[in-house]
Amino acid sequence: SNFSSITTSILESILDILNINTKISIKKSSSEKTYVEIIDGFVFECSSMLKIKNIEVKKLKIACIDGFIESVAEIHHLLSWASENQQAIALFCRGMSEDVLNTIKVNNERKTLQLYPYQVKFDLENVNTLVDIAVVSNCDVVSSLKGDLISSTSYKNLGSVESSILTETTVNLKNKKTKRIDDHLRYLKNLADERKEISDILSKRIKSMSSSYIEISIPEGIDYSYSSLELDEGIRIITSI
């Protein structure tokens, strides 16, 4: 096909970093320029329950709890272990009480604890985010549906990632690809083919689970539709090859 110079330039720029697992998306940009962003790592959208600056944490432990943490007693043993071992933990759950949050905040400020609490909403888009985070960090979700108690969460069952970038609205978890991740990604892709009615939600999960992710941003304007169609065709040609 005879692509425009800008489309050809973008396609050439992504060729070097493209592999069979790379997820590519095209979006409208508020910028006046077209640009390509390469995202390395598994990126999940969730809300930090404490104010946080964008930070990088190495060798982060992960806890995934499908429930609301009411009292400090439920996670006291986890906090004690993290404090004694000076181990950073990111804790993903459906929410926690002000008392629990305040205890974490005070201890974080005293530097006796390094715990990052994140809320994963229980809605259609995020109902399975905890499962995906657990797969990436190689742990299981603690869930009352399985008969688990939050208080039984042991440091021995925590997941871990090699490094992470934590912000107020996202976590970027970097870990080596494993068979468990590959199998989970394959399952999501097959499900997306079968369940067209929820393909948008599954596409978001696949994006998070793809360790290599490219986002192409095009200015919103007269040429957006033409450029995005051209790029889409070019990407299809490249990936089929």
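Which cysteine sulfur is closest to that of Cys 139, and what distance separates the two?

Modeller: The closest cysteine sulfur to that of Cys 139 belongs to Cys 64, at 4.3 Å, which is too far for a bond. A disulfide is taken here as a pair of cysteine sulfur atoms within 2.5 Å, and by this rule the count is zero. Before going on, the basis: this is a predicted model, in which local features need pLDDT of at least 70 and side-chain atom pairs count only at pLDDT 80 or more, while totals for chains, interfaces and linings use all residues. Residues are numbered from 1 along each chain as its sequence is written, and side-chain values use heavy atoms, with hydrogens and water left out.

Cys 139 has a relative accessible area of 5%, and Cys 64 has 2%.

Cys 139 is also one of the residues that Ile 62 touches, contact being heavy atoms within 4.5 Å. Leaving aside residues up to four places away in sequence, the contacts of Ile 62 also include Ala 90, Phe 92, Ile 133, Leu 158, Val 161 and Leu 173. Ile 62 is listed with Leu 60 and Phe 92 as having the most contacts inside the largest nonpolar core, which has 33 residues. A nonpolar core is a set of buried Ala, Val, Leu, Ile, Met, Phe, Trp, Tyr and Cys residues joined through side-chain atoms within 4.5 Å. Another core lies apart from it, with 23 residues, among them Leu 50, Ile 65, Ile 104 and Leu 115. In soluble globular proteins, nonpolar side chains tend to be buried together.

Rings of Phe, Tyr and Trp (its six-membered ring) pair if their centres lie within 6.5 Å; planes under 30 degrees apart count as stacked, over 60 as edge-to-face and the rest as tilted. This rule gives two aromatic pairs. In one, Trp 81 and Tyr 155 are stacked, 4.9 Å centre to centre with 5 degrees between the planes. Trp 81 sits in helix α2 (residues 76–84) and Tyr 155 in the loop between β10 (142–143) and β11 (159–166), so this pair ties together parts that are 74 residues apart in sequence. Helices (H or I, at least four residues) and strands (E, at least two) are DSSP runs numbered from the N terminus. Trp 81 is buried at 16% relative accessibility, whereas Tyr 155 is partly exposed at 38%. Phe 92 and Tyr 118 also form a stacked pair, with ring centres 5.5 Å apart and planes at 25 degrees. This pair links distant parts of the chain, since Phe 92 is in strand β7 (residues 89–93) and Tyr 118 in strand β9 (residues 115–119), 26 residues apart. Both Phe 92 and Tyr 118 are buried.

What covers the buried residues of α5 includes β3 (42–45), α4 (129–137) and α6 (199–209). Helix α5 (residues 179–194) has 16 residues, which at 1.5 Å a residue should span 22 Å; its end C-alpha atoms are 23 Å apart, which agrees. The expected span is 1.5 Å times one less than the number of residues. Its buried residues are Ile 181, His 184, Leu 185, Leu 188, Leu 191 and Ala 192. They cover an arc of only 125 degrees around the axis, so they lie on the same side of α5; the arc is that of the directions from the helix axis to the C-beta atoms. Lys 179, Asp 193 and Glu 194 are exposed on the face turned away from that buried side. An α-helix has 3.6 residues a turn, so residues three or four places apart point the same way.

Lys 59, in strand β5 (residues 55–66), has a positive phi of about 45 degrees although it is not a glycine. Lys 59 is exposed, with a relative accessible area of 66%. Lys 111, in the loop between α3 (98–109) and β9, has phi near 70 degrees, again positive in a residue other than glycine. Lys 111 is exposed at 75% relative accessibility.

Key: Buried < 20%, exposed > 50% of the residue type's maximum accessible area, 1.4 Å probe, protein only.
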